[in-house]
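Take a look at the chain below. This short report covers its surface, its salt bridge and its cores.

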Amino acid sequence: MKDRKKYLHNRNILLNEHKGCQKCGRTIGLEVHHIKPQSEGGSDEIENLQVLCGICHKDIHKYNRGELTKKGLERAKHEKCER
């Protein structure tokens with residue numbers, strides 16, 4: 001499989017398995033994130049992908065790709081409660 005096809009295949013598997021964000025549990029706006037970025041040698045293997053909501057995904061990229069900021073997590077939980 002070409003890289004894009006592999007990513008799309010694994011993305012679909014993960015989105016079917018995980019019905020919520022793996023950080024905050026939010027169920028709307030789910031995206032698939034590369035844990036180790038491709039620019040740093042990360043692969044499209046399932047082990048390097050995780051399902052995140054858009055808020056958590058943005059926070060990871062904005063704040064050192066590592067941990068969610070307290071503010072971002074509070075915002076995600078707040079929005080989850082409103083829905």
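Is Glu45 buried, exposed or partly exposed? Glu45 is partly exposed, because its relative accessibility is 33% and that class lies between buried (under 20% relative accessible area) and exposed (over 50%), using a 1.4 Å probe and protein chains only.

This is a predicted model: local features need pLDDT of at least 70, side-chain atom pairs count only at pLDDT 80 or more, and totals for chains, interfaces and linings use all residues. Residues are numbered from 1 along each chain as its sequence is written, and side-chain values use heavy atoms, with hydrogens and water left out.

| Residue | Relative accessible area | Class |
|---|---|---|
| Lys6 | 28% | partly exposed |
| Glu45 | 33% | partly exposed |
| His9 | 39% | partly exposed |

Glu45 forms a salt bridge with Lys6. The closest N and O atoms are 2.5 Å apart. The term means a side-chain nitrogen of Lys or Arg within 4 Å of a carboxyl oxygen of Asp or Glu. The count by this rule is one.

His9 lies in helix H1 (residues 3-17); helices are DSSP runs of H or I with at least four residues, strands are E runs of at least two, and both are numbered from the N terminus. His9 and Glu45 are 36 residues apart in sequence, yet 9.8 Å apart in space, C-alpha to C-alpha.

Now the inside. The largest nonpolar core has seven residues: Cys21, Cys24, Leu52, Cys53, Ile55, Cys56 and Ile60. Such a core is a set of buried Ala, Val, Leu, Ile, Met, Phe, Trp, Tyr and Cys residues joined through side-chain atoms within 4.5 Å.
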